[in-house]
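Hello,

Here is the structure I promised to pass on. Please open it first, then read my notes below with it on screen.

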Amino acid sequence: MGLQGDASGEDCDSSAAGGDDLLLRLRSFKSDYFPLHQQRFQDLVAEGQHPTTLFIGCSDSRLLPYLLTGAGPGELFLVRNVGAFVPPYDGSYGHHGTAAAIEFAVLSLQVGHIIVCGHSHCGAIKALYEEVPAEANNLRRWLDLGRDAALPVVPTPDALRRTEQRAVVLQLERLMDYPMVRRRVVAGQISLHGWHCVIEDGEVHVFDVQSGRFVAASVATHSGTGPYHPYVEHDGQVLSDENP
Ligand SMILES: [Zn+2]
C-alpha cells in the first residue's frame with residue numbers, strides 16, 4: 001500500500017507486523033509524525049482542546065478535511081456521516097451523534113465556525129434517486145435528511161451536482177433550527193460555511209447566501225455564507241436553485 005514502514009529500530013519491526021499494513025501505519029505515526037508535533041499534542045492535553053471550527057463532512061474517503069483546511073491537531077472538531085447531513089433539532093429521528101456533536105461544539109467548545117461540506121460524486125446524493133437495499137433500514141431513513149434537495153428529473157451528472165449543492169444549503173437551513181446556533185449566528189459569533197468539494201478538480205466551491213450561488217474558492221472573496229439576514233427572510237427556500 002502507500003506507506004513504507006520504517007523497519008529500523010525495535011519499535012518498528014515490520015517482520016513482526018505479519019503483513020499488517022494498518023499496524024505498520026500506526027508505528028509510522030509514532031515514529032515519523034508524532035515527534036514533529038509532540039509539543040503541540042502535549043500542550044493540547046495540558047491546556048485542553050479549543051478548536052475554532054466544527055466541520056460536518058460526508059464520510060466519503062475522498063474528502064480530506066485536514067488537507068482542505070490545512071488544519072493540524074486541535075483545530076477541527078470533526079463530525080462525518082453519510083451525506084454530511086444535519087438531523088433536525090427536535091430529536092424526532094432518535095439518537096443522533098451529529099446533533100449531539102453540534103450542541104457540544106457550540107455550547108461547550110464555543111466554536112466560531114461551522115462548515116457543512118458535501119462533495120462531487122457523493123454516493124449518498126446519488127442514492128436519493130435509487131432504491132436502497134431492503135435491509136438498510138437506517139440508511140433509508142437517514143437519506144430522508146437529503147430528500148428535499150432532490151430534483152424531479154433524471155439524475156444526470158449535472159442534476160447530481162446541483163443536488164449535492166442543494167443538500168449543503170438544506171443542511172445549513174436545518175442547522176439554523178438549532179437555537180444555540182441561530183442565536184450565535186445572528187449575534188455574529190458563529191460564521192456558517194457551506195462548501196462543495198469537487199474532488200477531481202481539487203476545488204472547493206463556497207456557498208454565498210447573497211447571490212445564492214456556489215463560487216469557486218479560487219475566485220471567492222470569502223469562505224462563509226456571508227450575511228445571514230436575507231437568507232432568513234427567504235422562508236426556507238433553497239436559494240441556489242432560484243438564482244442559477
Ligand atoms: Zn458523500
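Start with the pocket. F29, Y33, F41, Y66, L67, A71, G72 and P73 line the largest pocket. The space inside that pocket is about 300 Å³. Which helices each supply at least two residues of this lining? They are α2 (21–47) and α3 (65–69). The largest share comes from α2, with 3 residues.

Bear in mind that this is a predicted model. The mean pLDDT of the protein chain is 88. In the chain, 85% of the residues reach 70 or more. Two stretches need care. Over residues 1–12 the pLDDT is below 50. That stretch has 12 contacts in the model beyond near neighbours in sequence. Residues 238–244 also have pLDDT below 50. Here the count is 22 contacts beyond near neighbours in sequence.

Next, the metal. Which residues give the zinc ion its protein donors? They are C58, through SG, H119, through NE2, and C122, through SG. These donors lie 2.0 to 2.3 Å from the zinc ion. Along the sequence, the donor residues follow the spacing C-x60-H-x2-C. Find H119 and C122 on your screen: both are buried.

Now the chain as a whole. The protein chain has 10 helices and 6 strands. Of its 244 residues, 43% are buried. Its accessible surface comes to about 13,200 Å². Carbon and sulfur atoms account for 52% of that surface. What about contacts across the sequence? Take the contacts between residues at least 6 apart in sequence: 62% of them join residues at least 24 apart.

You will find T163 in helix α7, which covers residues 157–175. Is T163 buried or exposed? Its relative accessible area is 0%, so T163 is buried; the cut-off for buried is under 20%. Which residues does T163 touch, leaving aside its neighbours within four places in sequence? T163 is in contact with I125, L128, Y129, A149, A150 and L151. Show those residues together with T163 and look at how they are placed.

Best wishes

Notes:
Residues numbered from 1 in each chain as written. Predicted model: local features only at pLDDT ≥ 70, side-chain atom pairs only at ≥ 80, totals over all residues. Heavy atoms only, no water. Donors = N, O, S within 2.8 Å, 3.2 Å for Na, K, Ca; no water. Buried < 20%, exposed > 50% of the residue type's maximum accessible area, 1.4 Å probe, protein only. pLDDT = per-residue confidence, 0-100. Contact = heavy atoms within 4.5 Å. Helix = DSSP H or I, 4+ residues; strand = E, 2+ residues; numbered from the N terminus. Areas by Shrake-Rupley, 256 points an atom, 1.4 Å probe, with all protein chains shown as cover. 1 Å grid on protein atoms, 1.4 Å probe; cavity = no way out; pocket = protein on both sides within 12 Å on 5 of 7 lines; lining within 4 Å. Points joined across faces, edges and corners; volume = space filled by probe spheres on them.
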